Amino acid sequence: MRLSAVVAVLLLGLTACTTSPMTPSSHADGTDAGAAAAGGAGSSGFAQFSDLPVPAKATMDVDHSLLLGHGDAWVGRLVYNSWNTPSSLYDFYRNEMPGFSWQEITSVRATISVQTWQRGDRVVTIQIKENTIGCEVTMTMAPSVTPGAVGAGYAPPPPAADPTAKVSRQPLR
């Protein structure tokens, strides 16, 4: 029930897709940049994502997004389409994410570009790929495996037994 309410609100907030300068639809302080540009109530369907920059005039792909929670505590997958080029979106996130207190973990600029960022105990992976109307951006938000440790990767546990120890052979009966 709660998820359907979130989806309904998001559907109402979708805006038309047009070419425009790359400006975030929200600011790092949580205010809606679309509201400031329109001189009134929020015009951006992304105003609820106060923890991430989203380019102005992006349109959410509700069929492929899965959002759980709200504010700075949401997790899941946010998918949107933009008329911007893959290169400009890649640069947009490289420039804007630090202003939202995100620290870059890794990035790859390619046909399908990927950036991974961490803030506190949350990690977001941003995938940017070209499509028929410009670009599709997929943002996957999840809790960090190692909270607060930027750049710290997963380390597997040590082996249960010493691999150099002698093994005795016994016939099966």
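Modeller: One term to begin with: pLDDT is the predictor's confidence in each residue, from 0 to 100. This is a predicted model, and over residues 27-44 pLDDT stays under 50.

Colleague: How many contacts beyond four places in sequence does the model have for residues 27-44?

Modeller: For residues 27-44 there are 30 of them. Residues 5-21 also stay under 50 in pLDDT, and there the model has 29 contacts beyond four places in sequence.

Colleague: And what does the chain average?

Modeller: The average pLDDT is 75, with 61% of the residues scoring at least 70.

Colleague: OK, β5 then. What does it pair with?

Modeller: β4 and β5 run antiparallel and are joined by five bridges. β5 also pairs with β6, again antiparallel, over eight bridges.

Colleague: How many residues sit between the strands in each hairpin?

Modeller: Three residues lie between β4 and β5, and two between β5 and β6. In the turn of the β5 and β6 hairpin, Gly120 has a positive phi of about 60 degrees.

Colleague: Switching to α3. Which of its residues are buried?

Modeller: In helix α3, residues 86-96, the buried ones are Leu89, Tyr90, Phe92 and Tyr93.

Colleague: Why do they line one face of the helix?

Modeller: Looking down the axis of α3, the buried residues fall within an arc of 155 degrees, so they line one face. As background, an α-helix has 3.6 residues a turn, so residues three or four places apart point the same way.

Colleague: What covers them?

Modeller: The cover includes β3 (75-82), β4 (103-108), β5 (112-119), β6 (122-131) and β7 (134-143).

Colleague: Last one, Thr138. Where is it, and is it buried or exposed?

Modeller: Thr138 is in strand β7. Its relative accessible area is 13%, and the cut-off for buried is under 20%, so Thr138 counts as buried.

Colleague: What does Thr138 touch?

Modeller: Leaving aside residues up to four places away in sequence, Thr138 touches Arg77, Leu78 and Val79, along with Thr125, Ile126 and Gln127.

Definitions and conventions:
Residues are numbered from 1 along each chain as its sequence is written. This is a predicted model: local features need pLDDT of at least 70, side-chain atom pairs count only at pLDDT 80 or more; totals for chains, interfaces and linings use all residues. Side-chain values use heavy atoms; hydrogens and water are left out. Buried means under 20% relative accessible area, exposed over 50%, partly exposed in between (1.4 Å probe, protein chains only). Helices (H or I, at least four residues) and strands (E, at least two) are DSSP runs, numbered from the N terminus. The arc is that of the directions from the helix axis to the C-beta atoms. Contact means heavy atoms within 4.5 Å. Two strands pair if DSSP finds at least two bridges between them.
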